Amino acid sequence: RSEVVVLIRKLAKRHHSSALSQLASRVAAIEHYGAANGEDPFAKVRGLIQSMIEKLEREHEVEATEKAWCDENLAKTEAKKGELEDDVAKMTAKIDSAAS
């Protein structure tokens, strides 16, 4: 086995990533069958790695956008909650003063 495949498999185990495991399998297949066909296996491996990087960057952008949306809505919800708690405190004070 090549060092690249071993390294990618170690990364897959460490990060519990099925995508990296799949990449390692593809790289191993390309090294095995690509070399038999006389093609440059390194060009294909670089292409696979580049595709994986692009995919991960797209996923990161989606997750960052989702996190920003969640953070914004959480802040709005916390502000609204604070306002409502103030309203409850005022109403409770009014009820207490009316009851006395």
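Start with a surface view: the protein chain has about 8100 Å² of accessible surface, and 59% of that belongs to carbon and sulfur atoms. Accessible areas here come from the Shrake-Rupley method with a 1.4 Å probe, and for residues only the protein chains shown count as cover. Before you click on, note that this is a predicted model, where local features need pLDDT of at least 70, side-chain atom pairs count only at pLDDT 80 or more, and totals for chains, interfaces and linings use all residues. Residues are numbered from 1 along each chain as its sequence is written, and side-chain values use heavy atoms, with hydrogens and water left out.

Now switch to cartoon. You'll find three helices and zero strands, in the order α-α-α along the sequence. (Helices, H or I, of at least four residues and strands, E, of at least two are DSSP runs, numbered from the N terminus.)

How much of the chain is buried? Of its 100 residues, 15% count as buried, meaning under 20% relative accessible area, with exposed over 50% and partly exposed in between (1.4 Å probe, protein chains only).

Next, select Val-5, Ile-8, Ala-12, Ala-19, Leu-20, Leu-23, Ala-24, Val-27, Ile-30, Val-45, Leu-48 and Met-52: these twelve make up the largest nonpolar core. Such a core is a set of buried Ala, Val, Leu, Ile, Met, Phe, Trp, Tyr and Cys residues joined through side-chain atoms within 4.5 Å. Helix 1, helix 2 and helix 3 each give two or more residues to this core, and helix 2 gives the most, with six.

Stay on Met-52. Leaving aside neighbours within four places in sequence, Met-52 is in contact (heavy atoms within 4.5 Å) with Ala-19, Leu-20 and Leu-23.

Move on to Ile-53, which lies in helix 3 (residues 41-99). Ile-53 counts as partly exposed because its relative accessibility is 38%.

Last stop: His-16, in the loop between helix 1 (3-15) and helix 2 (18-36). His-16 is exposed, with a relative accessible area of 73%. Check its backbone too: phi of His-16 is near 50°, a positive value in a residue other than glycine.
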